[in-house]
Structures are given as structure tokens and as C-alpha cells.
Amino acid sequence: MKSIYYLFPLIFLYQTTFSAIHSDLAANNSALEVLKMPAAVRTESIKQLGADGYKNLREIAFDSIYGMKFQWRALSSLSLLGGEKSLPELEVALKHKDWYLRNAGLVMLREVKPVRALFWAKKSMKDSSLIVRTAAVEVIRSLKDHNSASLLWTELYEKQNYRGQQSLWIRRHIVETLGEMGQAGDESRFIKVLDDKDATLYGPAVSALERLTKKQFGSAKDKVSTRVSLCKLWWKERS
């Protein structure tokens, strides 16, 4: 009989632990149900998750069992619910091994703390993920950080933004961003872009030259090749 009494503390500990786990799972399931809602109604529901809502969202955001879609939504909801309070979680995401959490962290950080987002955007230009690097360019673009122009010009020709000899899509994003923040003296750089093997860069480069020079190189109806030729002719005559 005595051996049975010795088991009581273990049984109690098991029941307590099981109850705690069950409670956490129930809370996470409640948060998960909110994350399944359409975006239009999700925002208000997130605010009604209660005091433990933030904790539950954090657990979902960093647990791969929930999958990319719900981890992304959970991190987004964290930033919405916590504002600047969510900075530690967002920076954990930015250092995460999974690219989609690094990407989500960067996107959310732009809304929560733009200055900090710029720091991470510049750092993320060297990220191993093409998607994260592209998101970094878009953060710089949306925040109109002219101080990042030199970095973008460098990254335009970096090896990681090619696959073999093939130019990757991030390079077009870079040229478009540089076109919006270009300054007098950048004309030669955009002329150089017009000799790039990637023809998708020509359109934004021509637009950048038009903005810088206040000239019109053909019209929107003209072929890009025609407009490129007009730009080169102008540059030759100018030189």
C-alpha cells in the first residue's frame, strides 16, 4: 500500500503538467483559429485574443509545425498587437534559419520601426535568399533612403545576384529603385546599364535618364531598343 502513496506525487505532477500542456495547446489553437480568418476580420479578432494572445502568437510564429503561412501571419499579428514591443521577436526572426521568417521580419519591421528596418535592409542585401534580398531593396525603396544608393550600385553587379551568367530579377528592382533616387552625376551609370546583357533593365534605366535629364527619349509607344538608342546618341553627343 505504501508504494501506492509514493505514486500520488508523480500522478499529481503528471496531471498538472498535462493540464498545463493542454491549456497551452488550447490557447495556441484559439490563436490559430484567428489566423485562419480572412484578413478583413483578422485584425479585430487578434486584438481580442487576451493577455496570453501575444505569447501564443509568438509560439506559433517560431514553431515550424504550423507551416510558413501561419508562421508568417503569426509574426505579422505580433507586430500589429505589440507595435515596438515586438522588436525583439522581429529581430529573432531576422536571424532565423528559415528565409521566410527573415523575410517576414524585415517586412514587419518596416512598419514598426523604419529606422531599424533600414539597418536590417542594408544587412540583408547579403542574405543567402534572393527573396530576402529583394525585400531589402523594397524596404530601401519604400523608405526612400538615398544614403543606400552607393550600396545598391555595388549590389547591382554582385555575383550573388546572378545565376551563372543569368541576371536575377533583383537587379531590375535595384535599377528601378536607383532610378527613383538617382542624382545628377549618375547619368553615366545608367548609360552603362543600357549595355547590360539583361534587357529587362533597359526600361527603368531609360526612365531614370529621362528623370535626371528632363529629356524625353522617344515615347512610351516606341520599342525599348529605340529609346535605348536615343539615350546612347544623346550621351555620345554630350561627350
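This is a predicted model: local features need pLDDT of at least 70, side-chain atom pairs count only at pLDDT 80 or more; totals for chains, interfaces and linings use all residues.

Reader: Fine. Back to that pair: is Y100 buried or exposed?

Author: Y100 counts as buried because its relative accessibility is 12%, while W99 is partly exposed at 33%. The cut-offs are under 20% relative accessible area for buried, over 50% for exposed and partly exposed in between (1.4 Å probe, protein chains only).

Reader: Which residues form the aromatic cluster?

Author: F217, W234 and W235 form one aromatic cluster.

Reader: And which charge lies over the face of Y54?

Author: That's K85, at 4.5 Å from the ring centre of Y54. K192 also has its charged end over a ring, that of Y157, 4.4 Å from the centre. Here a charge sits over a ring if NZ of Lys or CZ of Arg is within 6 Å of the ring centre and within 35 degrees of the ring normal.

Reader: Switching to salt bridges. How many does the structure hold?

Author: It holds 19 salt bridges, each being a side-chain nitrogen of Lys or Arg within 4 Å of a carboxyl oxygen of Asp or Glu. One of them joins R58 and E89, at 3.3 Å from N to O. R58 lies in helix α3 (residues 53-61) and E89 in helix α5 (residues 87-94), so this pair ties together parts 31 residues apart in sequence. Helices (H or I, at least four residues) and strands (E, at least two) are DSSP runs, numbered from the N terminus.

Reader: What does R116 pair with?

Author: R116 forms a salt bridge with E91, and the closest N and O atoms are 2.5 Å apart. R116 is in helix α7 and E91 in helix α5, so parts 25 residues apart in sequence are tied together. R116 is partly exposed at 32%, whereas E91 is buried at 17%.

Reader: Where's the partner of E155?

Author: E155 meets K126 in a salt bridge, 3.0 Å from N to O. K126 is in the loop between α7 and α8, E155 is in helix α9 (residues 149-156), and the two are 29 residues apart. Their C-alpha atoms are 8.7 Å apart. E155 is buried, at 1% relative accessibility, and K126 is partly exposed at 48%.

Reader: What else does K126 touch?

Author: Besides E155, K126 touches R133, E158 and Q160, not counting residues up to four places away in sequence. Contact means heavy atoms within 4.5 Å.

Reader: Which residues make up the salt-bridge network?

Author: E138, R141, R172, E176 and E180 are linked in it. R141 also shows up among the contacts of T177, alongside V137 and L152, leaving aside neighbours of T177 within four places in sequence. T177 lies in helix α10 and is buried, at 1%.

Reader: What about the surface, which residues form the nonpolar patch?

Author: M68, W99, I131 and W169 do, with about 390 Å² of accessible area together. Patches take residues with over 30% relative accessible area and no salt bridge, joining like charges within 9 Å and nonpolar side chains (Val, Leu, Ile, Met, Phe, Trp, Tyr) within 5 Å. Areas come from the Shrake-Rupley method with a 1.4 Å probe, and for residues only the protein chains shown count as cover. W169 is in the loop between β2 (166-167) and α10 (170-181), and is touched by T134.

Reader: Last one: how many helices and strands does the protein chain have?

Author: It has 13 helices and 2 strands, and 43% of its 239 residues count as buried.

Terms used: Residues are numbered from 1 along each chain as its sequence is written. Side-chain values use heavy atoms; hydrogens and water are left out. Rings of Phe, Tyr and Trp (its six-membered ring) pair if their centres lie within 6.5 Å; planes under 30 degrees apart count as stacked, over 60 as edge-to-face and the rest as tilted.
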